[in-house]
Amino acid sequence: MVRLEVEGKHRLFGEVTISGSKNSALPIIASSMISRSKVTLNNVPKIQDIFDLLEIMKDFNVKWEFNNNSLFIDSSDIVYSDLTNSKVSKIRGSYYLMSTSLVLFQKVLMCQTGGCKIGERPIDLHLEAFKAMGCEIVEGKDLCISYNQLNNTTIKFKKKSVGATINALILSYDCDRLELRNASIEPEIVDFINFMEKLGRKFIIKKNTIISMKKDVIVQNDIVHRIIPDRIEAATYMVIGALCGGVKVSKVNIKHLKNVIYPFKKLGIGMRIKKDSIYVYKRKINKFDIFVKEYPGFSTDIQPLFCPLLCFGKKSSIVVDFIFKERFKVCEELNKMGARNTMEKNGVLIKPVKKLSGTTVIASDLRCAAGLLIAGLASDGITIIEQAEYLNRGYEDVIGKLQRLGAKIKIC
């Protein structure tokens, strides 16, 4: 386990370049195997989840190499492998190899996937979609899925799911037409779709519907694609700038950050917005109530980052999240630092405090770790974050980036 020592109350100034999106890169890397050829992905973040996924892909005889943030993948000698590598149960994104393996080999045997413990995260929507498309599924200790031929069909999800949407779209590669209704259409899914079009699919997106169709073209060899910036990482450094000084967050897509920029304006936080960067600086913080919704609403991934910010507001704020109930573990840890958070089943009342004080806290997942890191930077004294290795799953060079802003932070 990694323990991180953060010395708070240092004014942070400078520029941070945002890395590629984790949630975009994972499904694109997995589905690159469908090409059975060479793929170059640029702006890939060097984070633990990516390396774990690539290690699993070695079981399929896939070769890969990093050069800075360019990832070269060669699937020309791909072979079938069961998805029983221990790393499969470590990361949630490994389930994208489930649909990829089905497209390539019409079968897959897979153990349970992992990821952050943020509440119930079943894959029932994924499996229901697979069944509707013509798959036979045998559930036991492991999942055994196969098919002879896929159906052209229309699927309406009971609720929006990023993972189920992507997995259904990957599997659609082997059918003529699939229509997904009540689909998730996050920027990461649009990026994934742009990549899939290079693999020979055609897509139509309208409101909450995605149509995937076969395209009568020869798929180009040596595909090249650039991963979009990570909007969650960008939001993290925006909050740090709002609490600790002035931070220019660079190489971002402003359109993807509207659900962060809007609450920042309501909170009264200082911002200067340009074409591909945002300069965020410290000002007095107003109250703002957050109701988490699917994109383009306020993201469940972002709300743990805002909880330490709201602790320093002028008045009390509430945060409600019906998507993942365990997201509020960050608030329990903030209370150890002097916060006055009252948790309910799906929400929290955050009362203002004059200061937070450093102490030992425990990160329970990736975004909780980021929220505690933000709190430590804005607190008096020294904060020790236990299980800080979660940060490596979603943030590239987080210690180095913060040190270059002037933060006093180290592994202890």
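I started with accessibility: buried means under 20% relative accessible area, exposed over 50%, and partly exposed in between, with a 1.4 Å probe and protein chains only. I noted that this is a predicted model, where local features need pLDDT of at least 70, side-chain atom pairs count only at pLDDT 80 or more, and totals for chains, interfaces and linings use all residues. Residues are numbered from 1 along each chain as its sequence is written, and side-chain values use heavy atoms, leaving out hydrogens and water.

**Entry: backbone**

I kept a rule in mind: most residues other than glycine have a negative phi, and most peptide bonds are trans. I looked up K9 and found phi near 70 degrees, a positive value in a residue other than glycine. K9 sits in the loop between β1 (4-7) and β2 (12-17). Helices (H or I, at least four residues) and strands (E, at least two) are DSSP runs, numbered from the N terminus. K9 counts as partly exposed because its relative accessibility is 46%.

K251 also has a positive phi, near 60 degrees. I found K251 in the loop between β14 (245-250) and α8 (258-267). K251 is exposed, at 52% relative accessible area.

Then I checked the bond from Y295 to P296: the peptide bond is cis, with omega near 15 degrees. P296 lies in the loop between β17 (290-291) and α9 (303-310).

**Entry: a sheet**

I traced an open sheet of four strands in the order β9-β10-β12-β11, with mixed pairing. Two strands pair if DSSP finds at least two bridges between them. Which strands stand at the edges? They are β9 (153-156) and β11 (201-206), each with a single partner strand, so one side of each has no neighbour in the sheet.

β11 and β12 (209-214) run antiparallel, joined by six bridges. K202 stands opposite M213 in β12.

**Entry: two helices**

Next I looked up α1 (22-31) and α2 (48-57). They pack at an angle of about 5 degrees, with axes 10 Å apart. Axes are lines fitted to C-alpha atoms, for helices over the stretch in contact, and angles run from 0 to 180 degrees between N-to-C directions. Angles under 35 degrees count as roughly parallel, over 145 as roughly antiparallel, 65 to 115 as roughly perpendicular and the rest as oblique. So α1 and α2 are roughly parallel to each other.

Contact means heavy atoms within 4.5 Å. In α1, K22, A25, L26, I29 and A30 meet D49, I50, L53, L54 and M57 of α2.
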